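Subject: Structure handover

Hello,

Here is the structure I said I would pass on. Please open it next to this message and follow along.

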Amino acid sequence: MENTNNNAFRGEFLPYIIKWGRGTNLLGVLLVFGPCLYLGLQGIWPDWSAFMAAFAIQFPLVCSAYIREPISYFAMLGVPGTYMAFLSGNISNLRVPASSIATKSVGIEEGTDKGTITATIGCAVSTLVSTVMLTLGVIGGAALLNALPPVVTSALNLLLPALFAALLSNYLFMNPKLGIIMIPVAFLMYWLQLQGVFKWAGLFASSIPPLIASFGGMGLGVFLAKKK
């Protein structure tokens with residue numbers, strides 16, 4: 001039975017997901033550039049100095065994320081979740097937590113075939129719920145926020161740090177040795193960036209610290225796993 005499930009997963013499920021995931025993501029790229037192309041066809045173009053200034057700011061961040069995020073999130077999202085997450089957005093604050101919690105709640109190890117299935121379900125439900133909530137928020141969100149007392153609206157700013165803290169504590173409990181080493185490294189990279197140590201990289205100065213922290217953490221994890 002186990003071999004049959006593995007054959008179905010790798011021989012049927014994954015090829016189907018890759019075919020449709022690749023197509024929908026490429027369609028998403030076209031749709032993202034659609035409004036820009038439409039405005040360009042109407043003769044509306046941005047000032048090139050403003051365009052290059054915005055490009056110089058955004059390009060290094062995008063290059064860093066292009067390398068770092070798919071590798072960092074893949075173990076938690078799996079192939080289907082990766083396609084869904086990068087198409088729907090809100091990866092670190094919604095898709096990854098939902099996928100990780102769904103996998104952990106049923107006691108399955110992340111990165112396995114079964115873990116990929118549970119991560120897919122968690123990511124899909126997260127996408128559906130967030131889309132519904134976003135629609136409701138667009139329709140009546142402003143009126144709802146205005147009706148809330150200031151103490152509640154100010155507390156909403158703490159939701160994202162609380163979410164990341166919960167994820168950090170979960171993974172720190174799973175692998176305390178890795179966390180004890182990498183958390184100071186991450187703070188060190190942030191401090192070095194504030195001190196201007198990476199100015200020699202020019203436009204890519206802001207991309208180096210997260211790359212060092214991410215790949216350093218992955219390399220240390222592989223080393224500890226082999227040592228164990």
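Which residues are buried in H7? They are Gly-179, Met-182, Met-189 and Leu-192. Please keep in mind that this is a predicted model.

**Helix H7 and its neighbours**

H7 runs over residues 176-194. Its length checks out. At 1.5 Å a residue, its 19 residues should span 27 Å, and the end C-alpha atoms are 27 Å apart, so the two values agree. What do the buried residues of H7 pack against? They pack against helix H6 (159-174) and helix H8 (208-227). Just after H7 comes Gly-196, which takes a positive phi of about 80 degrees.

H3 covers residues 91-105. The same kind of check works here. Its 15 residues should span 21 Å at 1.5 Å a residue; the end C-alpha atoms are 19 Å apart, which agrees. The buried residues of H3 are Ile-91, Arg-95, Val-96, Pro-97, Ser-99, Ser-100 and Thr-103. Gly-107 follows H3, and its phi is positive, near 70 degrees.

How do H3 and H6 pack? Their axes are 11 Å apart, at an angle of about 40 degrees. The crossing is left-handed. On the H3 side, the contacts involve Ser-92, Asn-93, Pro-97, Ser-100 and Lys-104. On the H6 side they involve Leu-160, Leu-163, Phe-164, Leu-167, Asn-170, Tyr-171 and Met-174. Pro-97 and Ser-100 of H3 are buried, and both are in the list of residues that meet H6.

**Helix H2 against H8**

The axes of H2 and H8 come within 10 Å and cross at roughly 25 degrees. Angles under 35 degrees count as roughly parallel, so that is how H2 and H8 lie to each other. Their crossing is left-handed. Which residues meet there? H2 brings Ser-64, Ile-67, Arg-68, Ile-71 and Ser-72. H8 brings Pro-210, Leu-211, Ser-214, Phe-215 and Met-218.

**Aromatic pairs**

How many aromatic pairs are there? The count, for ring centres within 6.5 Å, comes to four. One of them joins Tyr-16 and Trp-20, and this pair is tilted: 6.4 Å centre to centre, with 50 degrees between the planes. Tyr-16 and Trp-20 are four residues apart in helix H1 (residues 2-41), so about one helical turn separates them. Tyr-16 is partly exposed, with a relative accessible area of 49%.

Trp-48 and Phe-51 form an edge-to-face pair, at 5.2 Å centre to centre and 85 degrees between the planes. Trp-48 and Phe-51 sit three residues apart in helix H2 (residues 48-88), so they too are separated by about one helical turn. Are these two residues buried, partly exposed or exposed? Trp-48 counts as exposed, at 57% relative accessibility. Phe-51 counts as partly exposed, at 37%. Ring pairs also tie Trp-48 and Phe-51 into a cluster with Phe-55 and Phe-59.

Best wishes

Terms used: Residues numbered from 1 in each chain as written. Predicted model: local features only at pLDDT ≥ 70, side-chain atom pairs only at ≥ 80, totals over all residues. Heavy atoms only, no water. Helix = DSSP H or I, 4+ residues; strand = E, 2+ residues; numbered from the N terminus. Expected span 1.5 Å × (residues − 1). Buried < 20%, exposed > 50% of the residue type's maximum accessible area, 1.4 Å probe, protein only. Contact = heavy atoms within 4.5 Å. Phe/Tyr/Trp six-rings, centres within 6.5 Å; stacked < 30°, edge-to-face > 60°. Axes fitted to C-alpha atoms, helices over the stretch in contact; angles between N-to-C directions. Parallel < 35°, antiparallel > 145°, perpendicular 65-115°, else oblique. Left-handed = near helix turned anticlockwise from the far one by under 90°.
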